[in-house]
Amino acid sequence: MGFFKSREEKEAERRQREQEAMELAQKVSSSPMTQQLQAFILDQFGDLNSEEVDKLRRLAAYGGRAGYLMEVQSKGIMFNLINRKGESLDKWAITFDALGYQDLPSAGVNVLKKILLQTLSSIPHLKVLDTGFFMYEQNRTKQSW
């Protein structure tokens, strides 16, 4: 008898899942951890003279697609520097556990990735793709003297 659910029960479950997803998205976006990660990204990649941007600039000088691939996972964020051939040059990660936070639920991974991609997109000298790949933008508009 309990195997089949009525249309109303299915609709109520769907609304409940949507509500939980919205609450999680709000929790992730307003979290101090998210703000800390955004500040870290702006610190590492926002300054044109930073070490990470210098790496991206040197890779861009050879042409082709070379840059960082940012992967947001439930345990942390991994940055993989790849050259135009797709070879990994450098990998480093930020784990949530090391920062004193628990693992992120899988529904929150996409929310955090979207927020961090928006943060990267706000940096004018980076070209950012939806896949998490970003590189130095040589052809950006520059100010005149």
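**Strand pairing and packing**

Mentor: Strand 4 and strand 5 run antiparallel and are joined by three bridges. Keep in mind that this is a predicted model.

Trainee: What makes strand 4 and strand 5 a pair?

Mentor: Pairing needs at least two bridges. Strand 4 and strand 5 have three, so they pair. Within strand 5, Met135 is the residue opposite Lys127.

Trainee: What is the strand order in the sheet, and is the pairing parallel or antiparallel?

Mentor: The open sheet has five strands in the order 3-2-1-5-4, with antiparallel pairing.

Trainee: Why are strand 3 and strand 4 called edge strands?

Mentor: Strand 3 (88-95) and strand 4 each pair on one side only. From one strand to the next, the twist averages 20°.

Trainee: Which strands does helix 3 touch?

Mentor: Helix 3 (residues 51-61) packs on the sheet and touches strand 1, strand 2, strand 3, strand 4 and strand 5. The direction of helix 3 makes about 80° with that of strand 5. Helix 4 also packs on the sheet, touching strand 1, strand 2, strand 4 and strand 5, and makes about 150° with the direction of strand 1.

Trainee: Which residues of helix 4 are buried?

Mentor: Among them are Gly108, Val109, Leu112 and Ile115, and buried means under 20% relative accessible area. The buried residues of helix 4 pack against elements including helix 1 (7-29) and helix 2 (32-45).

How values were computed. Residues numbered from 1 in each chain as written. Predicted model: local features only at pLDDT ≥ 70, side-chain atom pairs only at ≥ 80, totals over all residues. Heavy atoms only, no water. Buried < 20%, exposed > 50% of the residue type's maximum accessible area, 1.4 Å probe, protein only. Helix = DSSP H or I, 4+ residues; strand = E, 2+ residues; numbered from the N terminus. Contact = heavy atoms within 4.5 Å. Axes fitted to C-alpha atoms, helices over the stretch in contact; angles between N-to-C directions.
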